[in-house]
Amino acid sequence: MLRLLSIIFLISLMAQPACKSPELTIGKWQDGLEIRRLSPGLFIHTSPINLSNGQVFPCNGMIFINQGEAVVFDTPVYEKDTEKLIRWLQDEQQVTIKAIVPTHFHDDCLGGLSIFHEAGVKSYSNRLTYELAKSQAEVLPQTLFDGSYTFQVGRESVECWFPGEAHTKDNIVAWVPSKKVLFGGCMLKAVGAGKGNLADANVGAWSASMEAVKKKYPKLKLAIPGHGDSGGMELLDFTIKLFNDQISAIHQDAKHLCNHQFYGFRRVSAELPIRTISQDSVAGQGLVPQ
Ligand SMILES: [Zn+2]
Ligand SMILES: [Zn+2]
């Protein structure tokens, strides 16, 4: 009997893939900030947004760390949650935050931008994000790119890419080639999600833009949406289907209200110095302003 038990124990040990690190979760998004480690160096940060109807809704962002450097995609909506995220990265992980990248111009991407700037972190965005944010945001991204941009992070890289209009006219996705992980932001829907806030959307182009993402990253292993659960290629297929055949039917549901109009951003015209970097920049080249 004892022998049988030890064989079962050995088999169960062998069944666990030795190279796979366990998923790790720190905090709860309902309390302000949740950080989930998916694999070494790859994290999802999730924080709340309070909607005007009293609902509280979780918003995802992505963190990629390699060799002591980090790039963060999307800020938490609120400054206090953003402070927690920066403290965790700088104090606990002891990494240098190389860049913060809002993936579109809504508050669940750039609400905490001023806190990153105060911490000395440089911000980068699609030029269209800057243009759209100008009319509503207090603080704007500092360095702009057109179309795509690749960050060198330690020995690895992360690519940003604008696949076309969808949830907004400026939405980009981020791709970690070494992990085959896509951060789709709010243009990527969790399976079963509604269409969300369509106030700034292009529902007619959405499916085609998502088809372009699918075509560009056919080998993806993990897809992270702006809200809700991650998964695989089925999130892209779900999103494509959701906006196919329904182009004329523009309905808003209450599930995704990440737009500024629901919780009042002050309009402040901002005149900030802008650095411009060219399209398809090679990793790291000309990236860091002196
Ligand atoms: Zn949005
Ligand atoms: Zn959103």
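Visitor: In which strand is the place of V101?
Guide: Look at residues 96-101. They form a strand, and V101 belongs to it. That strand is β6.

Visitor: Is V101 buried or exposed?
Guide: Count the other C-beta atoms within 10 Å of V101: there are 30. A residue needs 20 or more to count as buried. V101 has 30, so V101 is buried.

Visitor: How far apart in space are V101 and S123, C-alpha to C-alpha?
Guide: In sequence, 22 residues separate V101 from S123. In space, going from C-alpha to C-alpha, the distance is 5.8 Å.

Visitor: Which residues have the most contacts inside the largest nonpolar core?
Guide: In soluble globular proteins, nonpolar side chains tend to be buried together. Here the largest nonpolar core has 69 residues. Those with the most contacts inside that core are F64, A70, V71, A174 and L182.

Visitor: Are α6 and α7 roughly parallel or antiparallel to each other?
Guide: Helix α6 covers residues 203-216, and helix α7 covers residues 233-243. Their axes lie 8 Å apart, at an angle of about 155°. Angles over 145 degrees count as roughly antiparallel. So α6 and α7 are roughly antiparallel.

Visitor: Which residues of α7 make the contact with α6?
Guide: From α6 come V203, W206, S207, M210, E211, V213 and K214. From α7 come L236, T239, I240 and F243.

Visitor: How many helices and strands has the chain?
Guide: The chain has 290 residues, and 44% of them count as buried. Its elements are seven helices and 14 strands.

Visitor: What is the average pLDDT of the chain, and over which residues is pLDDT below 50?
Guide: The chain averages 84, and 77% of the residues score at least 70. Where pLDDT is low, the predicted coordinates should not be read in detail. pLDDT stays under 50 over residues 278-290. It is also below 50 over residues 247-276.

Definitions and conventions
Residues are numbered from 1 along each chain as its sequence is written. Chains are lettered from A and ligands numbered from 1 in the order in which they are written. This is a predicted model: local features need pLDDT of at least 70, side-chain atom pairs count only at pLDDT 80 or more; totals for chains, interfaces and linings use all residues. pLDDT is the predictor's confidence in each residue, from 0 to 100. Two residues are in contact if their C-beta atoms, placed from the backbone, lie within 7 Å. A nonpolar core is a set of buried Ala, Val, Leu, Ile, Met, Phe, Trp, Tyr and Cys residues joined through C-beta atoms within 7 Å. A residue is buried if 20 or more other C-beta atoms lie within 10 Å of its own, exposed if 12 or fewer, and partly exposed in between; C-beta atoms are placed from the backbone. Axes are lines fitted to C-alpha atoms, for helices over the stretch in contact, and angles run from 0 to 180 degrees between N-to-C directions. Helices (H or I, at least four residues) and strands (E, at least two) are DSSP runs, numbered from the N terminus. Angles under 35 degrees count as roughly parallel, over 145 as roughly antiparallel, 65 to 115 as roughly perpendicular and the rest as oblique.
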